[in-house]
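Here is a briefing on one structure. Read it with the coordinates open.

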2 protein chains.
Amino acid sequence: MSITIKDVARKTGVSIATVSRIVNNQSGYSEQTRKKVIMAIEDLGYSPNALARGLVGQATRTVGVLLPNVSSLFAGKLLEGIEAAAQSEGYSIVVCNTGSEGERTDDYLTILKQKRVEGILYASGDFPKDLGEKIDGLGLPVVTVATRSHEETIPYVKVDDQTAAFDGTSCLIEKGHRSIAFLGGGLSDPVAGKPRFDGYLDALKAHGIPRQDSLVRFGDFRFESGKRETGRLLDEGAAFTALFASSDEMAVGALHAARERGVRVPEELSVLGYDNTLAAEMALPPLTTVEQPLHAMGEQAFRTLINGGGSLTAKHAIIERQTVRQIEEE
Amino acid sequence: MSITIKDVARKTGVSIATVSRIVNNQSGYSEQTRKKVIMAIEDLGYSPNALARGLVGQATRTVGVLLPNVSSLFAGKLLEGIEAAAQSEGYSIVVCNTGSEGERTDDYLTILKQKRVEGILYASGDFPKDLGEKIDGLGLPVVTVATRSHEETIPYVKVDDQTAAFDGTSCLIEKGHRSIAFLGGGLSDPVAGKPRFDGYLDALKAHGIPRQDSLVRFGDFRFESGKRETGRLLDEGAAFTALFASSDEMAVGALHAARERGVRVPEELSVLGYDNTLAAEMALPPLTTVEQPLHAMGEQAFRTLINGGGSLTAKHAIIERQTVRQIEEE
DNA sequence: CTGTTAGCGCGTTCAT
DNA sequence: ATGAACGCGCTAACAG
């Protein structure tokens, strides 16, 4: 049905070997035959079959990307970076939406293996303990982005969450806040949940502020949960002048909850986000936030997947916009 | 290197044909040999080579998706729908970020052809005239989502933009607004640009309101352009009580511009978005918007790509939230 | 029920 | 500089 290397060989009167050489621009043919073959290729509209190539050559130039939620701004940025790097190296990426709990991860892993991808980028939030084994059972290179495995065995590209959370919280403290609420992603999440909470706690301690457990709440990084939990905090009459949110979406949720109750941001409540996605820019007022360089992390992750190399710690930063203000006195 | 069907055949003492039958659960073997083979497969960790399968069977179970900007909420929702449908049919998708102007489209098209994808979903905003030919040069089924080609030749899944814009604008008019600004995506864009503008104009005319060209501005659907253009409108002292934006992002940009200048939404200015992405929900105040059912459109598009079928018009809706208010008198 | 064989389209020796 | 032939891993007849 499709037209093959044989067709162009026949049409030009050379052997398929020669055509192959020309297509892969190796050496071993005269300029004359080259011209001829190139012409025929254009004429016929010949397009090399990547499956056949992969079958013999062992190189599919394809990698798989596992994400928990493709539609988020967070995933989007990551994907954008990964895709950019892949494109520049001539790779394609197949994206796999694993579901918020990673429920489709196993299925995808076997599919990716069957398709003989050259590697896997794992960007699903959590990294279940048993996944490590499954993954090296695959015999494929893997690197995690914005997350990490329990063991040191799999390279990661991520920010130092604990330090980032420490810095974010410290920023709040330095502006005079002493009652700081915390909106997290769940302590059972050992990568984005626990470390950020620990960083928050560290900052409190470093500045001699006693922790108040009544000020900490957990959600799932999504907008709704941020809105809900902040709403509860507010409704309970908890006293706090600042809020550390573990994602921009949650922070925006907090903005909503505050507004619904008539508390003004940043005048009465300072809010700090996390990620620096477009959500932070678009928020009203624009969110001060802890940045993760998602695009760059995606690129880096792809590169270390293909070229090999160890874990990388991307550097975070505090992006100051309008939701955090200096407090006068205490 | 990898373990093949031969290995499991050898290990179980049957022929590769039998193994193949079992793997593809066809008929023609005893329950006993089945057990034996299955065991060996698990033991060895055999994983069928999809490339080889594709080479002989002509079915790669893969489709390509072309998008102009993966990191947007818009693309995310679409992708989510596409991915969901694909996953449920056992397909994988390779995503191609074509760039905002579609500059990498050609490269990707040839790659996708080489990889023998079974079809292509085109969701890049614009559909250049010459693309039609290139595409059927590929000999691959294509369907466009949220956009369409100039000719009727390629099936699309999209909303009726002109009618949707008409309805949105009418909604504004019915609330008493008569000076309505328009924020578009450029008249040169025949799919999301012109039709929406025409719908806006139609509504004006239908209600006997003269058009005011000083109230119409164009951007690129992104946040920044919405903010910029609205800012200009406001700075010029243009008189309008409502604004129709051609995307949620632009509408949010308008919110920012308004807020910076102290004009209150919706008290002094009503704003209507388009798309109903998460940006609309997260906006403060939440955006009243014209919904495109992006997720469902993605699913539909995938299905018509695989199963065949003609163009589909998805139905839009007005989602009322808080940025549009009734105007009392004139 | 099971095995043999012929390709699928291509890269790659090894000849010439 | 060029060609013949083998094999990548698998499915699909065709034999038995």
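Angles between axes are classed as roughly parallel under 35 degrees, roughly antiparallel over 145, roughly perpendicular from 65 to 115, and oblique for the rest. Axes are lines fitted to C-alpha atoms, for helices over the stretch in contact, and angles run from 0 to 180 degrees between N-to-C directions. Helices (H or I, at least four residues) and strands (E, at least two) are DSSP runs, numbered from the N terminus.

This is a predicted model, in which local features need pLDDT of at least 70 and side-chain atom pairs count only at pLDDT 80 or more, while totals for chains, interfaces and linings use all residues. Residues are numbered from 1 along each chain as its sequence is written, and chains are lettered from A and ligands numbered from 1 in the order in which they are written.

**Helix packing in chain B**

- Helix α1(B) (residues 5-12) and helix α3(B) (residues 31-44) have axes that come within 9 Å and cross at roughly 125°.
- The pair α1(B) and α3(B) is therefore oblique.
- From α1(B), the contact (C-beta atoms, placed from the backbone, within 7 Å) uses Asp7(B), Val8(B), Lys11(B) and Thr12(B). From α3(B), it uses Lys36(B), Val37(B), Ala40(B), Ile41(B) and Leu44(B).
- By class, five of these residues are nonpolar, one is polar and three are charged. Nonpolar covers Ala, Val, Leu, Ile, Met, Phe, Trp, Tyr, Cys and Pro; charged covers Asp, Glu, Lys and Arg; polar covers the others, Gly among them.

**Strands in chain B**

- Strands β3(B) (residues 119-122) and β4(B) (residues 142-145) run parallel, joined by three bridges. Strands pair if DSSP finds at least two bridges between them.
- Leu121(B) has Val143(B) as its bridge partner in β4(B).
- Val142(B) and Thr144(B) point one way from β4(B), Val143(B) and Val145(B) the other, and all are buried. Buried takes 20 or more other C-beta atoms within 10 Å of the residue's own, exposed 12 or fewer, and partly exposed lies in between.

**Interface of chains A and B**

- Chain A gives 43 residues to the contact and chain B gives 42.
- On the chain A side, α5(A) supplies the largest share, seven residues.
- That side divides into 19 nonpolar, 15 polar and nine charged residues.
- Strands β2(A) and β2(B) pair antiparallel over three bridges. Val95(A) has Ile93(B) as its bridge partner.

**Asp161(A)**

- Asp161(A) sits in helix α8(A) (residues 161-174).
- Asp161(A) counts as buried because it has 25 C-beta neighbours inside 10 Å.
- Beyond neighbours within four places in sequence, Asp161(A) contacts Ala192(A), Pro195(A), Arg196(A) and Gly199(A).

Terms used
Two residues are in contact if their C-beta atoms, placed from the backbone, lie within 7 Å.
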